[in-house]
Amino acid sequence: MNSNRRILGFSLVEILVVLAILVAMSAFIVPRLVGKASIVNGKKVPTPMSRAHDTECISNIRSVRQAIAVAKTSETEEKNPASLSELKLPAEILKCAEGHQPYVYDPRTGEVHCPQIGHEKF
């Protein structure tokens, strides 16, 4: 048998070292991506997941407001729909992406708002 022959591939120790490095890196990165918002110097620092929920909520409210405008212009009297269910939109668009609470709608004014804390400006 030739003793100069090299064995190709990784040893078990090399694989375990790489795996340990990956686990250590993910232990620091994953909580920052999916964790809750933290407070730094008295200010709320949102996580990427909470920012994604905020963006989805803004998009949903815009869609609902556009549907109200279309329904209002299609009516001969140009009045607001009596409820959001008249718009025949998918159920997931009619509620907040973060708190899963239904949007607040005032049929007299045609205004739609999100009841979730922090989404008052949407």
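Colleague: Where is Gln116 placed?
Modeller: This is a predicted model. In it, Gln116 sits in the segment after β4, the strand formed by residues 111-113.

Colleague: Is Gln116 buried or exposed there?
Modeller: Gln116 counts as buried, because its relative accessibility is 16% and the cut-off for that class is under 20%.

Colleague: Which residues does Gln116 touch, leaving aside those up to four places away in sequence?
Modeller: Gln116 touches Cys96, Glu98, Gly99 and Gln101.

Colleague: Turning to the backbone, what is the phi of His100?
Modeller: His100 has a positive phi of about 60°, although this residue is not a glycine.

Colleague: And where does His100 lie?
Modeller: His100 belongs to the loop that runs between α2 and β3.

Colleague: Does His100 count as buried or exposed?
Modeller: His100 counts as exposed, because its relative accessibility is 55% and the exposed class begins over 50%.

Colleague: What about Lys88: what is its phi?
Modeller: The phi of Lys88 is also positive, at about 55°, and Lys88 is not a glycine either. Lys88 is found in the loop between α2, residues 48-74, and β3, residues 104-106.

Colleague: Buried or exposed, in the case of Lys88?
Modeller: Lys88 has a relative accessibility of 74%, so it counts as exposed.

Colleague: Where is the kink in α1 centred?
Modeller: The kink in α1 is centred on Ser26 and amounts to about 30°.

Colleague: How many helices and strands are there in the protein chain?
Modeller: The protein chain contains two helices and four strands. Along the sequence, these elements follow the pattern α-β-β-α-β-β.

Colleague: What share of the residues counts as buried?
Modeller: Of the 122 residues in the protein chain, 20% count as buried.

Colleague: And how much accessible surface does the protein chain have?
Modeller: The accessible surface of the protein chain is about 9,800 Å², and carbon and sulfur atoms account for 61% of that area.

Colleague: Lastly, among contacts between residues at least 6 apart in sequence, what share joins residues at least 24 apart?
Modeller: Within that set of contacts in the protein chain, the share is 42%.

Technical notes
Residues are numbered from 1 along each chain as its sequence is written. This is a predicted model: local features need pLDDT of at least 70, side-chain atom pairs count only at pLDDT 80 or more; totals for chains, interfaces and linings use all residues. Side-chain values use heavy atoms; hydrogens and water are left out. The bend at a residue is the angle between axes fitted to the seven residues ending there and the seven starting there. Buried means under 20% relative accessible area, exposed over 50%, partly exposed in between (1.4 Å probe, protein chains only). Contact means heavy atoms within 4.5 Å. Accessible areas come from the Shrake-Rupley method with a 1.4 Å probe; for residues, only the protein chains shown count as cover.
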